[in-house]
Amino acid sequence: MFTAPTELKSAYDVVIIGAGGHGLAAAYYLAREHGITNVAVLEKGYIGGGNTGRNTTIIRSNYLTPEGVKFYDASVHLWQDLSEDFDLNLFYSTRGHFTLAHTDSAVRTMRWRAEVNKHYGVESELVGPDFIKRSCPSIDISCNGHAPILGALYHAPGSIARHDAVAWGYGRGACQRGVEIHQQTAVTGIEVKGGKVVGVQTSRGHIATNKVLCAVAGSTPRLTDMVGIQTPIYIHPLQAMVSEPMKPWLDHIFVSGSLHIYISQSARGELVMGASLDPYELHSTRSTLDFTEGLSAHMLDMFPFLSNVKVNRQWGGMSDMTPDFAPIMGKTPVEGFYLDSGWGTWGFKATPVCGKTMAWTVANDSPHELITGFSLDRFRNYSLTGEKGAASVGH
Amino acid sequence: MKLLTCPVNGARPVSEFTYWGEIRPAPDANACTDHEWADYVFNRNGAPGVKREWWCHTPSNTWFIAERDTEKDRVMRTWLPGSEA
């Protein structure tokens, strides 16, 4: 599927750190749309082994701020014909996405989101408990009496996709156009002279380059330390788990901020489930029993018939969180050092549009118009892009 | 289950505690520039390492300081503010 280059060259036009979906998508669009192919993608582990392979594969654009809605909507449109673009089946499956509201204030936020979404042409509407029950007869609409469902934001284009294949597709497409992907190659330092990037130190030798794109999710602070940039990014783990496979019964994607759960059923029949962030800073992908217990208890409130279903496996990823729940993308105070970061718990769905806009940004040394609301400068200027109301669960 | 040692109540499950982030000195709000204040409000040391953090034992509202390795999730020691030798 990939050609594996053996030698690092001494210089590249662009070095991308991180061979996850975001980094590989940027490489792909740099080569395909900007004709920049003298590019190395450096990966300390293996392709798609970070958060690209650890998320719960949900794709949606029902955000809260105009900046967010426009950006994620562009992503959803790119997703829809990506399989054809790659000639690789991504198992892109449109399911319909419910964000449940269990309180009056949550209903109000859902109505707000629905109206912002509709204004920008995104299909979202507020629906009542009857509609939810008709869509999914197995749901306990009272949630065991603890937290009755009052309504939901229904987002028909909400989808899931096979996450590994996204990294493979972008990686293969980039490779075919001449990009080199170097796995097992860790970045140990970034050289800056006179405020400009001049090179990258790796575990396999030195590379001269004037442009570095950092797309490393939970490792972002380690890299920004290398170039001396301060950011608001903090790292908490996010865990997820899957059940044993079962016959298809769950067509839709369900998210509940109050119960801290999200759930969908994969093409293999497994229930893919997640919860909120772990409650304290940690740079590790360890799993905990607390997570499994807490998530299962809430899952049974909503779907009591799952009580005998077994959990097959669980895992964790490191989320690079920001104070306003929007990403940090674009140029930085160091010339030639570009960030695609702050993707916290919401980065998978944005993979295509991040690749496209970051490639544009790197090629033109100027932020793409879709990402100007996500610049690192916004924290210096107190002009945040508040997306917390659209986070899938109350992190 | 992970245990954390509260200086007053002893070892308790970590679910009884709330994490309040790394201890950071605040600049003088009346003297500093807007940018210095923004740096204090938003920016964090997000890299892994041994950090001194505020924690609170929620049931007893005991605020204390923990020295913790944020890569290995190992707590070296905990103490009440002002009690460090």
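**Notebook: a first look at chains A and B**

Helices and strands here are DSSP runs numbered from the N terminus, with at least four residues of H or I for a helix and at least two of E for a strand. I noted that this is a predicted model, where local features need pLDDT of at least 70, side-chain atom pairs count only at pLDDT 80 or more, and totals for chains, interfaces and linings use all residues. Residues are numbered from 1 along each chain as its sequence is written, while chains are lettered from A and ligands numbered from 1 in the order in which they are written.

**Entry: the three-stranded sheet**

I looked up one bridge by name and found that Ile59(A) has Ser159(A) in β8(A) as its partner. The sheet around it is open, has three strands in the order β3-β8-β4 (chain A), and is antiparallel in its pairing (two strands pair if DSSP finds at least two bridges between them). β3 (58-59) and β4 (93-94) of chain A are at the edges with a single partner strand each, so one side of each has no neighbour in the sheet.

**Entry: the eight-stranded sheet**

Next I followed another open sheet of chain A, with eight strands in the order β6-β7-β5-β15-β16-β17-β14-β18 and mixed pairing. Which strands stand at its edges? They are β6 (125-127) and β18 (311-321) of chain A; each has a single partner strand, so one side of each is left without a neighbour in the sheet.

Val242(A) has Val272(A) in β17(A) as its bridge partner. I also saw helix α4 (residues 104-119) of chain A lying across β5 (97-101), β6 and β7 (151-155) of chain A, at about 25° to β7(A).

**Entry: two crossing helices**

I then turned to helix α2 (residues 66-80) and helix α9 (residues 351-364) of chain A, which pack at about 105° with axes 7 Å apart. That angle makes α2(A) roughly perpendicular to α9(A); under 35 degrees counts as roughly parallel, over 145 as roughly antiparallel, 65 to 115 as roughly perpendicular and the rest as oblique. On the α2(A) side the contact is made by Phe71(A), Ala74(A), Ser75(A), Leu78(A) and Trp79(A), and on the α9(A) side by Pro352(A), Val353(A) and Lys356(A). Residues are in contact if their C-beta atoms, placed from the backbone, lie within 7 Å.

**Entry: domains of chain A**

I found chain A divided into domain 1 (14-55 + 163-232 + 323-390) and domain 2 (94-158 + 234-321), with bounds from an automatic or database domain assignment. Their C-alpha centres lie 29 Å apart. At their contact, 15 residues of domain 1 of chain A meet 12 residues of domain 2 of chain A.

**Entry: chain B**

Chain B has one helix and six strands, running β-β-β-α-β-β-β from the N terminus. I read its C-alpha trace as spanning about 45 × 25 × 25 Å along its principal axes. I counted 15 residues of chain B in contact with 20 residues of chain A. Helix α1 (residues 34-42) of chain B gives the most to that side of chain B, with four residues. Last, I noted that the predictor gives the complex an ipTM of 0.95 and a pTM of 0.95.

How values were computed:
Two residues are in contact if their C-beta atoms, placed from the backbone, lie within 7 Å. Axes are lines fitted to C-alpha atoms, for helices over the stretch in contact, and angles run from 0 to 180 degrees between N-to-C directions.
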